[in-house]
Amino acid sequence: MTSQPHNQTPDDTPPPLDQATARRLARLGTMPVDTRTLDHRLAAVIPPRPRALPAQRTWLRPLRAVAALLLMAGLVGALVYTLSSGPAQASVAVMAQVHEDIVSGKTPVMQVDSIDAANRELSKQWPDSPAVPNVPQQHVMACCMKSVKNKRVACVLLKSRDIPITLTVANASDIKRPTTPGVEHRGVTYQVQTTGNLNMITTRRNDRWICLIAQLPADELMDIAAKLQF
Amino acid sequence: MNLPTGQPHSRPGEAARRFYELVWPLRADVLRVARILSGNFTDAEDLAQQTLLKAFAGIDQFAEGTNVKAWLMTILRHARVDRLRAAAPEGTTVSLDALDDPLADPHTDPAETGAWGNADEALAAFSDQQVIDALQDLPENIRMTLLLVDVQQMDHHEAATILEVPVGTVKSRTHRGRAMLRRALHPIAREHRLIRETHK
């Protein structure tokens, strides 16, 4: 690496070493933090979130009661249907929400620095959890358990080129088989879906359902999936 | 930038609505910055709580449509300065401008020569905690500048407004701070053989 002139002014383009330092610091900006304690402390002082509708609209109250009753009946029906319908549908919208909640700190996570450590922490919460496969080159940040349509899944937050990736693993029998045609990549078939600026790829290997979602090209996610060590 | 001075003047329900809509989604950012700034979880939670309670108290003074994160970072910085002053022994003054650490000479300082090789790879090998620990060695104002510019990705003008200094000062502190961070990380990098030995 070429040394930069000592008298370089800060107005110039930063030296390569400075740029690398800035990129390393930027990674701290997505470091997972656990806000649970803070949330509890704030909830003790700050009033709860107000209801959306102003209280003076009293004529709406009977209608709202009926709507709430119908909604409750619908929810109960949906719950009964979900519980009795076997495998869950892990849609791209649901998985995008899982990813965003983890990255933003909304979902409490355990900070870990390796897949082994993640598997140890996850098995404490879910002894029968499917083992998360090793990801050789990705930086492991955190892990957590989540529920997708009543089915438990293990999530690990990874980083590649400073971009957070959520790797989710579930028992293959817990997740519905896709009905859409797949994409072939290095001999493995993947389902590729997109929502907003997030790409999601899913596949089934070794009785496990594997999902990777991130703001990365689908090809890159499939390359990462291809390197998983089971 | 208007800073909170007391209890919210509008109806409590309206203050809570604005707080949950504008501030609540950014509480993880506030906690993250507080964590890096103070170096430990306990102080970080205290600082983040103080910041968010001040934001709630002053939510009336926040002009909707302006940068809420910059407003929160300004409150956080003031809360941090208050805490440092309160913790300082009586009769002493807290200097936040400890800039007496001379900038390393890139031609002779081992932390600034070509020893880093592929700097991205070498720096990526440090854990977040090691980087946070190294940041604790930096003067407060330089650490805060790096947090705003490099960690929170704010532009120099936003950072200058929050820190109440000229833009040029933010630029020079950023340049100086990155070099100081590398110098703080250098002994660990040598110990773990993450960099090449170029000087005996």
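Colleague: In what order do the elements of chain A run from the N terminus on?

Modeller: This is a predicted model, and in it the elements of chain A go α-α-α-α-β-α-β-β-β-β-β-β-β-α. That comes to six helices and eight strands.

Colleague: Why is A:Pro50 called partly exposed?

Modeller: Its relative accessible area is 29%. Buried needs a value under 20% and exposed one over 50%, so 29% falls in between and A:Pro50 counts as partly exposed. You'll find A:Pro50 in the loop between α2 (36–43) and α3 (60–84) of chain A.

Colleague: Which residues of chain B does A:Pro50 touch?

Modeller: A:Pro50 touches B:Gly13, B:Ala16, B:Arg17 and B:Tyr20. Contact here means heavy atoms within 4.5 Å.

Colleague: What about B:Glu45, is it buried or exposed?

Modeller: B:Glu45 has 15% relative accessibility. The cut-off for buried is under 20%, so B:Glu45 counts as buried. B:Glu45 sits in helix α3 of chain B, and leaving aside neighbours within four places in sequence, B:Glu45 is in contact with A:Asp34, A:Thr37, A:Leu38, A:Arg41 and B:Leu31.

Colleague: How many residues of each chain are in contact with the other chain?

Modeller: On the chain B side there are 49, and they meet 41 residues of chain A. Between them the two chains bury about 4200 Å², with 63% of it on carbon and sulfur atoms. In chain B, the residues that lose the most area to chain A are B:Tyr20, B:Arg32 and B:Asp128, together 16% of what that side buries.

Colleague: What makes the pair A:Arg24 and B:Asp128 a salt bridge?

Modeller: Their side chains meet at 2.8 Å, N to O. The rule asks for a side-chain nitrogen of Lys or Arg within 4 Å of a carboxyl oxygen of Asp or Glu.

Colleague: Which element gives the largest share of the side of chain B that touches chain A?

Modeller: That's α3(B), with seven residues. By kind, the residues of that side divide into 26 nonpolar, nine polar and 14 charged.

Colleague: Which residues touch the most other members in the largest nonpolar core?

Modeller: Of its 71 residues, those are A:Leu28, B:Val23, B:Trp71, B:Trp116 and B:Leu135. Helix α4 (residues 68–87) of chain B gives the most to this core, eight residues. Apart from it lies another core of 30 residues, including A:Val112 and A:Leu228.

Colleague: Why are A:Arg186 and A:Asp207 called exposed?

Modeller: Exposed takes a relative accessible area over 50%. A:Arg186 has 60% and A:Asp207 has 67%, so both count as exposed.

Colleague: Where do these two residues sit, and what is phi for each?

Modeller: A:Arg186 is in the loop between β5 (183–185) and β6 (188–195) of chain A, with phi near 50°. A:Asp207 is in the loop between β7 (198–205) and β8 (208–214) of chain A, with phi near 65°. Each phi is a positive value in a residue other than glycine.

Methods: Residues numbered from 1 in each chain as written. Chains lettered and ligands numbered in written order. Predicted model: local features only at pLDDT ≥ 70, side-chain atom pairs only at ≥ 80, totals over all residues. Heavy atoms only, no water. Helix = DSSP H or I, 4+ residues; strand = E, 2+ residues; numbered from the N terminus. Buried < 20%, exposed > 50% of the residue type's maximum accessible area, 1.4 Å probe, protein only. Buried area = accessible area lost by both parts, 1.4 Å probe. Nonpolar A, V, L, I, M, F, W, Y, C, P; charged D, E, K, R; others polar. Core = buried A, V, L, I, M, F, W, Y, C linked by side-chain atoms within 4.5 Å.
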